[in-house]
Amino acid sequence: MDDPLDFSGDGFVSVGPREYLDRLLAEYGLTENEVRGAIRVRPAPYGKQEYLVRASMLRSQGEFPCAGDAEALEFCREVAEALATDTGITREEAVAQVNRHWSDNGPNPKPRVWIVGLDIAYHELPEYWAKLIHEATRT
């Protein structure tokens, strides 16, 4: 039976506990009332409620389509910097490799995954992602 609290197949992206939703709304200049239909809540395994937002509400940040907020943009930049430093490629190529890893290619790249809020990508350091992305490009 389907879990009535699983919104992942409905175009929603987890941002984590309430404080992450509040931060995202403030960064986007939105109020909760303005986006009420674009927010879902479910119990989280870490004991708090987990907030999800409709993916169509998210906006890409900077040069990374997958970065849904300023923290994600900084994180992606750190991954690209580690990739460039560790492999000797240019920053531009490092950005392109990060984008190929987390976004679809094409003239208007779209994220395959959104990095936003309390994302699982943050469970690893930028150097880890740089090594993983570099290894993926060599295969």
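**Helix packing and the pocket**

Author: In this predicted model, helices H3 and H4 are roughly perpendicular to each other.

Reader: At what angle do the axes of H3 and H4 cross?

Author: Angles of 65 to 115 degrees count as roughly perpendicular, and H3 and H4 are therefore placed in that class. Their axes come within 10 Å, and the crossing is at roughly 85°.

Reader: How many charged residues are in the contact of H3 with H4?

Author: From H3, the residues Gln-97, Val-98, His-101 and Trp-102 meet Trp-129, Leu-132, Ile-133, His-134 and Thr-137 of H4. By class, this contact of H3 with H4 has five nonpolar residues and four polar ones, and the number of charged residues is none.

Reader: Is H2 oblique or perpendicular to H3?

Author: The axes of helix H2 (residues 70-87) and helix H3 (residues 91-102) come within 8 Å and cross at roughly 120°. Because the perpendicular class covers 65 to 115 degrees and only angles over 145 count as roughly antiparallel, the arrangement of H2 to H3 is oblique.

Reader: How many nonpolar residues are in the contact of H2 with H3?

Author: On the H2 side are Phe-75, Cys-76, Arg-77, Val-79, Ala-80, Leu-83 and Ala-84, which meet Arg-91, Ala-94, Val-95, Gln-97, Val-98 and Trp-102 in H3. In the contact of H2 with H3, two residues are charged, one is polar and the nonpolar ones number 10.

Reader: What is the handedness of the crossing of H2 and H4?

Author: H2 and helix H4 (residues 126-138) pack at about 60°, with their axes 8 Å apart. That angle makes H2 oblique to H4. The crossing of H2 and H4 is right-handed.

Reader: Which residues of H4 does H2 meet?

Author: H2 contributes Phe-75, Glu-78, Val-79, Ala-82, Leu-83 and Thr-87 to this contact. The contact of H2 with H4 divides into eight nonpolar, two polar and two charged residues.

Reader: Which strand gives the most to the lining of the largest pocket?

Author: The largest pocket has a volume of about 290 Å³. Its lining consists of Val-13, Ser-14, Gly-16, Tyr-46, Glu-50, Pro-111, Arg-112, Val-113, Trp-114, Leu-118, Asp-119 and Ile-120. These lining residues divide into seven nonpolar, two polar and three charged. With three residues, the element that gives the most to the lining is strand S1 (residues 12-16).

Note on methods: Residues are numbered from 1 along each chain as its sequence is written. This is a predicted model: local features need pLDDT of at least 70, side-chain atom pairs count only at pLDDT 80 or more; totals for chains, interfaces and linings use all residues. Side-chain values use heavy atoms; hydrogens and water are left out. On a 1 Å grid over the protein atoms alone, a cavity is a set of points where a 1.4 Å probe fits but cannot get out, and a pocket is an open set with protein on both sides within 12 Å along at least five of seven lines; lining residues have an atom within 4 Å of a point. Grid points are joined across faces, edges and corners, and a volume is the space filled by probe spheres set on the points. Helices (H or I, at least four residues) and strands (E, at least two) are DSSP runs, numbered from the N terminus. Ala, Val, Leu, Ile, Met, Phe, Trp, Tyr, Cys and Pro count as nonpolar, Asp, Glu, Lys and Arg as charged, and the others, Gly among them, as polar. Axes are lines fitted to C-alpha atoms, for helices over the stretch in contact, and angles run from 0 to 180 degrees between N-to-C directions. Angles under 35 degrees count as roughly parallel, over 145 as roughly antiparallel, 65 to 115 as roughly perpendicular and the rest as oblique. Contact means heavy atoms within 4.5 Å. A crossing is left-handed if the near helix is turned anticlockwise from the far one by less than a right angle, and right-handed if clockwise.
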